[in-house]
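Please keep the sequence and the 3D view open while reading.

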Amino acid sequence: MTAATGWPARATTAAFSLALVVSALAGIRVGRILDHRGPRTVMTVGSMLGLVSLLIVAAAPNLLSFAAGWALAGLAMASTFYQPAFAALTRWWAPDHVRALTIVTLAGGLASTVFAPLTAALADHLSWRHTYLVLAGILAVVTIPAHALALRAPWPDAPTSPAHKAEGAEGVERSRPFLLLAAAFTLSGFAMYAVVVALVPLLLERGYTTSQAAWALGIGGAGQTLGRTLYANLSRRTTVTARTTILIALGGLTTTALAAAPGPYALIIAVAIVAGMVRGNLTLLQATAITDRWGTTHYGHLSGLLAAPATTAAALAPFAGAALAVPLGGYESLFFLLAIVSVAAALTAPWTGTAAVRRRPSPH
C-alpha cells in the first residue's frame with residue numbers, strides 16, 4: 001500500500017488500529033442488542049457493513065477515506081467477530097456452551113492459516129486494491145447468506161440458576177470483581193498482543209532470518225488451535241479464579257522464556273508453541289468469564305464491556321511496544337517488561353471471584 005500510494009506506513013497502520021478501537025466501543029452497544037434480539041440481524045448487517053467497508057478501503061483516493069473505510073470496518077468487526085458469536089453460542093448451547101465455543105474457535109483459529117497465504121497469492125498477481133475487492137467478494141458470498149439463513153433458531157430467554165441469580169447489568173459492571181477482571185484481561189491482552197507483534201523483530205534482533213522468525217510466529221498460531229482443545233478439561237479440573245490466574249501467569253512465564261532464551265532455534269519453536277497454547281486458552285477463558293461468574297442473562301452487554309478495554313489495549317500494543325523498545329535498549333528488555341505486566345494481571349486475577357463462584361462446590 002505504501003509503495004503504491006505514498007501514504008506513510010504509520011498512517012495506514014493507524015487506520016487499522018482505529019478499526020479496533022471503534023470495534024471495542026461499538027461492541028458494548030452490539031452486546032446489548034444481542035441480549036434482547038439475538039444474532040441474526042446483527043451479524044447479517046455486520047457482514048453487509050464489512051463488504052461496504054472493504055469496498056471503501058479498496059477505492060480510497062486518500063488517507064481520510066481510507067481511515068473512514070476502516071472505521072466502518074470496526075463496526076463490522078463488533079457485529080461479526082468472536083464477541084457476537086460467543087453471545088449466540090452461550091445462549092443457544094448453555095450449559096454445554098464450552099464445547100460449542102471450542103469448536104467455533106478451532107475453526108476461527110484457522111483463519112490466518114487459510115487467508116494469509118491466500119492474500120499473499122492474490123497480492124502476487126493483483127494490485128492491493130484488486131486484492132481487497134476479491135476478499136470483499138468472498139466475504140459477501142460466504143457470510144451474508146450464512147448469517148441471514150443459518151441463524152434463524154428462536155432466541156431463548158436467558159436461563160437463570162440458584163448459583164447465578166438474575167442480577168442487573170448495572171450492578172455487575174460496577175462491582176469490584178468485574179472491574180478487577182477487566183483490569184486483568186486488559187493488562188494480559190496488552191502484553192500478549194505486544195508479544196505477538198514484537199516476536200519477529202525480537203528474533204531478527206538476535207540474528208535469526210526472516211523465514212525463521214515467520215515460522216516461529218506461525219507455529220504459535222498452530223499452538224493456539226492445539227491449546228483450545230484442552231480448555232474443556234482444564235475448566236472441569238479448576239475453579240474459575242484458579243484457571244484465570246494460572247493461564248495469565250503462564251502467559252507471563254512464556255514471555256519471560258522468550259526474553260531469556262536466545263536459542264537454540266528448536267527451543268524458541270517449543271516456547272512459541274506453548275505460548276500459542278496459552279493464548280488459545282485465554283480466548284476461551286474470556287469467552288466464558290461472564291457466564292462462569294454472572295450467568296447468561298446479560299452476557300452480550302457485559303462481555304462487550306469486558307472486551308472493550310482489552311481490545312483497545314490490543315490496538316495500542318503494536319505502537320506502544322515499538323515505542324518502548326527504543327528507550328529500553330531493544331526487544332529483549334521489552335519482553336521482560338511485558339512479562340511484568342502479565343504478572344500484575346495474574347496477581348489481580350484471584351480477586352475476580354463472585355459470591356456464586358465461592359458457593360460452588362470444588363470441581364475435584
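Thr44 is buried, as its relative accessible area is 10%; buried means under 20% relative accessible area, exposed over 50%, and partly exposed in between, with a 1.4 Å probe and protein chains only. This is a predicted model, in which local features need pLDDT of at least 70 and side-chain atom pairs count only at pLDDT 80 or more, while totals for chains, interfaces and linings use all residues. Residues are numbered from 1 along each chain as its sequence is written, and side-chain values use heavy atoms, with hydrogens and water left out.

**Two threonines**

- Thr44 belongs to helix α3, residues 39–59; helices (H or I, at least four residues) and strands (E, at least two) are DSSP runs, numbered from the N terminus.
- The Thr44 side chain reaches the backbone oxygen of Arg40 at 2.7 Å. A polar contact is a pair of N or O atoms within 3.5 Å; within protein, one must be able to donate a hydrogen and the other to accept it, and residues adjacent in sequence count only if both atoms are side-chain atoms.
- Not counting residues up to four places away in sequence, Thr44 touches Pro39, Ile144, His147 and Ala148, where contact means heavy atoms within 4.5 Å.
- Thr143 is found in helix α8, residues 128–150, and counts as buried because its relative accessibility is 18%.
- From the side chain of Thr143 to the backbone oxygen of Leu139 the distance is 2.6 Å.
- Thr143 and Thr80 lie 63 residues apart along the chain, and their C-alpha atoms are separated by 9.1 Å.

**A buried arginine**

- Arg243 sits in helix α13, residues 240–260, and is counted as buried because its relative accessibility is 5%.
- What does the side chain of Arg243 make a polar contact with, side chain to side chain? The partner is Asp292, at 3.0 Å.
- The Arg243 side chain also reaches the backbone oxygen of Ser235, at 3.4 Å.
- With residues up to four places away in sequence not counted, Arg243 touches Tyr231, Leu234, Ser235, Thr238, Leu285 and Asp292.

**Nonpolar cores**

- In soluble globular proteins, nonpolar side chains tend to be buried together.
- A nonpolar core is a set of buried Ala, Val, Leu, Ile, Met, Phe, Trp, Tyr and Cys residues joined through side-chain atoms within 4.5 Å.
- The largest nonpolar core has 35 residues, of which Phe178, Phe185, Ile248, Leu282, Ile290 and Leu306 touch the most other members.
- At least two residues of this core come from each of α2 (9–37), α5 (82–93), α6 (97–108), α10, α13, α14, α15 (299–328) and α16 (331–348).
- Helix α14 supplies the largest share of this core, eight residues.
- Another core, of 24 residues, lies apart from it and has Val195, Leu203, Ala216 and Leu338 among its members.
- Ile248 is in contact with Ala184, Phe185, Ser188, Leu282, Ser342, Ala345, Ala346 and Ala349, leaving aside its neighbours within four places in sequence.
- Ala346, in helix α16, is classed as buried because its relative accessibility is 8%.
- Ala346 touches Thr245, Ile248 and Ala249, not counting residues up to four places away in sequence.
- The C-alpha atoms of Ala346 and Val104, 242 residues apart along the chain, are 27 Å from each other.

**Enclosed space**

- A cavity is a set of points, on a 1 Å grid over the protein atoms alone, where a 1.4 Å probe fits but cannot get out; lining residues have an atom within 4 Å of a point.
- Grid points are joined across faces, edges and corners, and a volume is the space filled by probe spheres set on the points.
- The count is one cavity of 30 Å³ or more, and the volume of the largest cavity is about 60 Å³.
- Its lining consists of Val195, Val196, Leu199, Ala216, Leu217, Gly220, Leu258, Ala272, Ala275 and Arg279.
- Helices α10 (176–205), α11 (210–228) and α14 (265–294) each supply at least two residues of the lining of the largest cavity.
- By class, this lining has eight nonpolar, one polar and one charged residues; Ala, Val, Leu, Ile, Met, Phe, Trp, Tyr, Cys and Pro count as nonpolar, Asp, Glu, Lys and Arg as charged, and the others, Gly among them, as polar.

- Pro264 is in the loop between α13 and α14, and a cis peptide bond with omega of about 0° joins Gly263 and Pro264.
- His298 is in the loop between α14 and α15 and is partly exposed, with a relative accessible area of 25%.

Conventions
On a 1 Å grid over the protein atoms alone, a cavity is a set of points where a 1.4 Å probe fits but cannot get out, and a pocket is an open set with protein on both sides within 12 Å along at least five of seven lines; lining residues have an atom within 4 Å of a point.
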